[in-house]
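Visitor: I am new to this. Could you walk me through a few terms, using a real example?
Guide: Gladly. Here it is.

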Amino acid sequence: KLDEIKTKLNNYVGKSVLIKYNLGIIGHEAKIKELYNNVFLVELENNINKEIKSFSYNDVITKTIKINF
């Protein structure tokens, strides 16, 4: 499962996705920036400022966050 997530995210580095977190209450268009061993970085696409957030692959596995590719 972990390898599947890393592979899928790797295919979307530099591309926009929709990320939902906080039980799906907060959703943002985000660009996958970088992948590391335990976490990945996304840049939230917001006209006012650029915000970088990190999430763990476990967040995806446990459905703490949802990524719509």
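Guide: We start with a cut-off. A residue is exposed when its relative accessible area is over 50%, buried when it is under 20%, and partly exposed in between. Keep in mind that this is a predicted model.

Visitor: Why is Lys50 called exposed?
Guide: The relative accessible area of Lys50 is 59%. The cut-off for exposed is over 50%. So Lys50 counts as exposed.

Visitor: Is Glu43 buried or exposed, and how do you know?
Guide: Glu43 has 14% relative accessibility. Buried means under 20%. Therefore Glu43 is buried. As for its place, Glu43 lies in strand β3.

Visitor: What makes the pair Glu43 and Lys33 a salt bridge?
Guide: Their side chains meet with N and O 3.2 Å apart. A salt bridge needs a side-chain nitrogen of Lys or Arg within 4 Å of a carboxyl oxygen of Asp or Glu.

Visitor: Why is Lys33 called partly exposed?
Guide: Lys33 has 35% relative accessibility.

Visitor: How many salt bridges does the structure hold?
Guide: There are three. One of them joins Glu43 and Lys50, with the closest N and O atoms 3.7 Å apart. Glu51 and Lys53 form a salt bridge too, at 3.6 Å between the closest N and O atoms. Salt bridges that share partners join Lys33, Glu43 and Lys50 into one network.

Visitor: What makes Glu51 and Lys53 partly exposed?
Guide: Glu51 has a relative accessible area of 36%. Lys53 has 25% relative accessibility. Buried would need under 20%, and exposed would need over 50%. So Glu51 is partly exposed, and Lys53 is too.

Visitor: Which residues gather in a patch of positive charge on the surface?
Guide: They are Lys1, Lys20, Lys63 and Lys66.

Visitor: What makes that group positive?
Guide: Lys and Arg count as positive. The patch is made of Lys1, Lys20, Lys63 and Lys66.

Visitor: How do you know that Lys1 and Lys63 are exposed?
Guide: Exposed means over 50%. Lys1 has 62% relative accessibility, so it counts as exposed. Lys63 has 71%, so Lys63 counts as exposed as well. Lys1 lies in the segment before α1 (2-11). Lys63 sits in the loop between α2 (57-61) and β5 (66-68).

Visitor: Where does Asn22 lie, and what is its phi?
Guide: Asn22 lies in the loop between β1 (16-21) and β2 (26-35). Asn22 has a positive phi of about 55 degrees and is not a glycine. With 46% relative accessibility, Asn22 counts as partly exposed.

How values were computed:
Residues numbered from 1 in each chain as written. Predicted model: local features only at pLDDT ≥ 70, side-chain atom pairs only at ≥ 80, totals over all residues. Heavy atoms only, no water. Patch = residues over 30% accessible without salt bridge, like charges linked within 9 Å, V, L, I, M, F, W, Y side chains within 5 Å. Areas by Shrake-Rupley, 256 points an atom, 1.4 Å probe, with all protein chains shown as cover. Charge placed at Lys NZ, Arg CZ, Asp CG, Glu CD. Helix = DSSP H or I, 4+ residues; strand = E, 2+ residues; numbered from the N terminus. Buried < 20%, exposed > 50% of the residue type's maximum accessible area, 1.4 Å probe, protein only.
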